[in-house]
Amino acid sequence: MDKIKQAGKFVVGLDDTFAPMGFRDEKGEIVGFDIDLAKEAAKRMGVDVEFKPVEWDGIIMSLNNGDIDVIWNGLTITESREKEINFTKPYMSNRQIIMIKKGSPIKGKEDLADKVVGVQMNSSSDEALTADKKTADSLKEIRRFQDNATALMDLSAGRLDAVVVDEILGRYYMTKKPDEYDILEDNFGEEQYGIGVRKSDIAFLEQLNKVMDEMKADGTASEISKKWFGEDIVLK
């Protein structure tokens with residue numbers, strides 16, 4: 001916290017294609033639900049915030065190397081990540097869903113046998129699919145991408161049969177292209193999002209938890225949620 005106050009800011013690392021959590025709008029500005037939360041948290045801490053796009057498959061290394069101060073970008077709390085970094089209290093629930101092209105004959109996990117499925121490299125989607133050994137072993141190929149947007153483009157183009165992705169992102173894309181995709185009832189389980197910091201940054205973690213609790217209690221987090229999702233889906 002002393003270093004952050006001395007610098008007058010903290011640096012948020014993110015995948016700037018992860019709509020609606022943190023992404024670029026038509027003007028190229030980084031916007032999103034997590035962006036608004038981080039800006040409000042920084043204001044309450046009396047510092048500025050800088051947003052730094054980072055390759056997702058190396059984002060934890062970027063954090064631990066000191067290139068960024070925090071990962072605030074729909075970061076799923078997983079056992080493997082908890083060994084490397086600390087998390088704030090969870091602030092949102094999410095599921096790993098299966099997206100298909102509208103009109104696809106795929107109805108469930110069993111229909112993915114001998115199919116090509118896309119995921120973002122080293123994401124919780126990648127982890128969840130790989131952990132479901134029965135489904136993963138039945139696939140023709142798991143194709144890994146730097147970002148979800150490219151995977152969904154390949155799904156639209158017919159180069160993939162399905163994409164496993166965070167529900168938050170998947171449903172956002174469906175609002176933009178309602179005639180393009182469907183979501184299967186089958187999924188790869190529920191999870192929770194937290195804000196990630198270095199193991200050594202105890203005071204910063206405490207401050208983040210404190211301001212997040214304040215934002216939940218006074219309704220600020222609820223208002224930001226309604227702006228991006230049309231309802232309050234923040235965990236209390």
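I started with Pro20, which sits in the loop between β2 (17–18) and β3 (22–24). Helices (H or I, at least four residues) and strands (E, at least two) are DSSP runs, numbered from the N terminus.

I noted the ground rules. This is a predicted model, where local features need pLDDT of at least 70 and side-chain atom pairs count only at pLDDT 80 or more, while totals for chains, interfaces and linings use all residues. Residues are numbered from 1 along each chain as its sequence is written, and side-chain values use heavy atoms, with hydrogens and water left out.

**Whole chain**

I listed 10 helices and 12 strands in the protein chain. I then looked up the radius of gyration, taken over C-alpha atoms; the globule rule is 2.2 Å times the number of residues to the power 0.38. For 236 residues a compact globule would have a value near 18 Å, and the protein chain agrees, with 18 Å. Along the principal axes, the C-alpha atoms fill a box of roughly 55 × 35 × 30 Å.

Next came burial. Buried means under 20% relative accessible area, exposed over 50%, partly exposed in between (1.4 Å probe, protein chains only). Of the 236 residues, 52% count as buried. For contacts I used heavy atoms within 4.5 Å. Among contacts with a separation of 6 or more, 74% join residues 24 or more positions apart.

**Helices α2 and α10**

How do α2 and α10 pack? Helix α2 (residues 33–45) and helix α10 (residues 220–229) meet at an angle of about 155°, their axes 9 Å apart. That makes α2 roughly antiparallel to α10. Axes are lines fitted to C-alpha atoms, for helices over the stretch in contact, and angles run from 0 to 180 degrees between N-to-C directions. Angles under 35 degrees count as roughly parallel, over 145 as roughly antiparallel, 65 to 115 as roughly perpendicular and the rest as oblique.

I went through the residues at this contact. From α2 come Phe33, Asp36, Leu37, Glu40 and Arg44. They meet Thr220, Ala221, Ile224, Ser225, Lys227, Trp228 and Phe229 in α10. By class, the contact of α2 with α10 has six nonpolar, two polar and four charged residues.

I found Arg95 in strand β8 (residues 92–101). Arg95 is partly exposed, with a relative accessible area of 26%. Leaving out residues up to four places away in sequence, Arg95 touches Val165, Asp166, Glu167, Arg171, Asn187, Gly189 and Glu190. I also took a C-alpha distance: Arg95 and Ser125 are separated by 9.1 Å, at 30 residues apart along the chain.

Asp154 belongs to helix α7 (residues 148–156). Is Asp154 buried or exposed? Asp154 counts as buried, at 11% relative accessibility. With residues up to four places away in sequence not counted, Asp154 touches Phe145, Arg159 and Leu160.

**Positive phi**

I looked up two loop residues. Asp114 lies between β8 and β9 (116–120). Asp114 is not a glycine, yet has a positive phi of about 65°. I recorded Asp114 as exposed, at 60% relative accessibility.

Asn122 is in the loop between β9 and α5 (124–131). Phi of Asn122 is also positive, near 60°. Asn122 is partly exposed, with a relative accessible area of 46%.

Technical notes: Ala, Val, Leu, Ile, Met, Phe, Trp, Tyr, Cys and Pro count as nonpolar, Asp, Glu, Lys and Arg as charged, and the others, Gly among them, as polar.
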